[in-house]
Amino acid sequence: MKSKGLIGILAVLALLVIGFFTMSNSIVRSGNEVDAKYADLDTQLQRRNDLIPNLVEVTKGYAKHEEKIYTDIANARASMLSAKESGNVDDLSKANDQMTGALGRLLAIQENYPDLKANQNFIQLSDELAGTENRIAVARKDYNGAVKDYNNTISVFPTSIVASMRGAHKKEMFKASESAKEAPKVDFNTDSNSTDGSK
């Protein structure tokens with residue numbers, strides 16, 4: 001009888017150990033997915049940052065007096081780089097909102113400068129930027145989905161016990177303000193309100 005009891009105890013312990021490692025691996029896989037989606041998002045944000053100097057230079061050739069917009073773009077770019085280095089998702093979200101607003105103002109000035117509006121380099125760069133903004137939106141959605149799955153994984157019982165033992169903490173979503181949820185409009189055939197850089 002004692003040997004049967006010992007076998008039963010060992011079987012229960014074995015199941016607990018297997019369960020622990022299964023849940024632990026689930027947490028690791030879920031965390032790795034968050035990291036992969038963050039890397040995808042970071043790649044698209046960097047692609048946009050790389051496009052911006054060229055777009056600004058083309059614009060400056062036609063709109064030399066829009067200094068406030070160029071300063072806003074430079075400040076937003078610096079904020080993005082600083083947030084990327086810190087790795088803080090909330091800071092990156094805020095910097096992204098700042099960049100989206102500044103880019104919207106930059107793209108809007110083309111209405112004041114017909115020659116700029118017709119410039120092939122400006123058109124090409126604007127199209128690339130619009131495509132990148134769409135990819136950023138998709139990457140942000142994918143990242144937030146992975147974060148939601150991860151946070152759910154570490155929050156539900158009994159995985160939450162293993163997560164606590166591993167020191168796992170909830171990850172931050174990449175939030176966007178209401179005004180930043182739409183990509184900057186790049187429409188060369190509309191009579192949108194023009195800006196003079198004084199905002």
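Let's start at helix α6. The cover over its buried residues includes α1, residues 2-62, and α5, residues 120-155. Keep in mind that this is a predicted model.

Which residues of α6 are buried? The helix runs over residues 159-166, and Thr159, Val162 and Ala163 are buried there. Look down the axis of α6. Its buried residues fall within an arc of 100 degrees, so they line one face of the helix. Now turn to the other side of α6. There, Ser164 and Met165 are exposed.

Why can a helix have a face at all? An α-helix has 3.6 residues a turn, so residues three or four places apart point the same way.

What comes just after α6? Gly167 does, with a positive phi of about 75 degrees.

Next, the whole protein. It has 6 helices and 0 strands. Along the sequence, the pattern reads α-α-α-α-α-α. The protein has 199 residues, and 37% of them are buried. The accessible surface is about 11,400 Å². Carbon and sulfur atoms hold 55% of that surface.

On to helix α2, residues 67-86. How many residues does α2 have, and how far does it reach? It has 20 residues, and from first C-alpha to last it reaches 29 Å. That is close to the 28 Å expected at 1.5 Å a residue.

The buried residues of α2 are Ile69, Tyr70, Asp72, Ile73, Ala76, Met80, Ala83 and Lys84. Seen down the axis of α2, they fall within an arc of 160 degrees, so these residues line one face of the helix. Note that Asp72 and Lys84 are on the buried list too. What covers them? The cover over the buried residues of α2 includes α1 and α3, residues 89-108.

After α2 comes Gly87. Its phi is positive, near 75 degrees.

Last stop: the surface. Which residues form a nonpolar patch there? They are Leu6, Ile9, Leu10, Val12, Leu13 and Leu16. Together they have about 580 Å² of accessible area. Take Leu13 as one of them. Leu13 lies in helix α1. Is Leu13 buried, partly exposed or exposed? Its relative accessible area is 44%, so Leu13 is partly exposed.

Conventions. Residues numbered from 1 in each chain as written. Predicted model: local features only at pLDDT ≥ 70, side-chain atom pairs only at ≥ 80, totals over all residues. Heavy atoms only, no water. Helix = DSSP H or I, 4+ residues; strand = E, 2+ residues; numbered from the N terminus. Buried < 20%, exposed > 50% of the residue type's maximum accessible area, 1.4 Å probe, protein only. Areas by Shrake-Rupley, 256 points an atom, 1.4 Å probe, with all protein chains shown as cover. Arc of directions from axis to C-beta. Contact = heavy atoms within 4.5 Å. Patch = residues over 30% accessible without salt bridge, like charges linked within 9 Å, V, L, I, M, F, W, Y side chains within 5 Å. Salt bridge = Lys/Arg side-chain N within 4 Å of Asp/Glu carboxyl O. Expected span 1.5 Å × (residues − 1).
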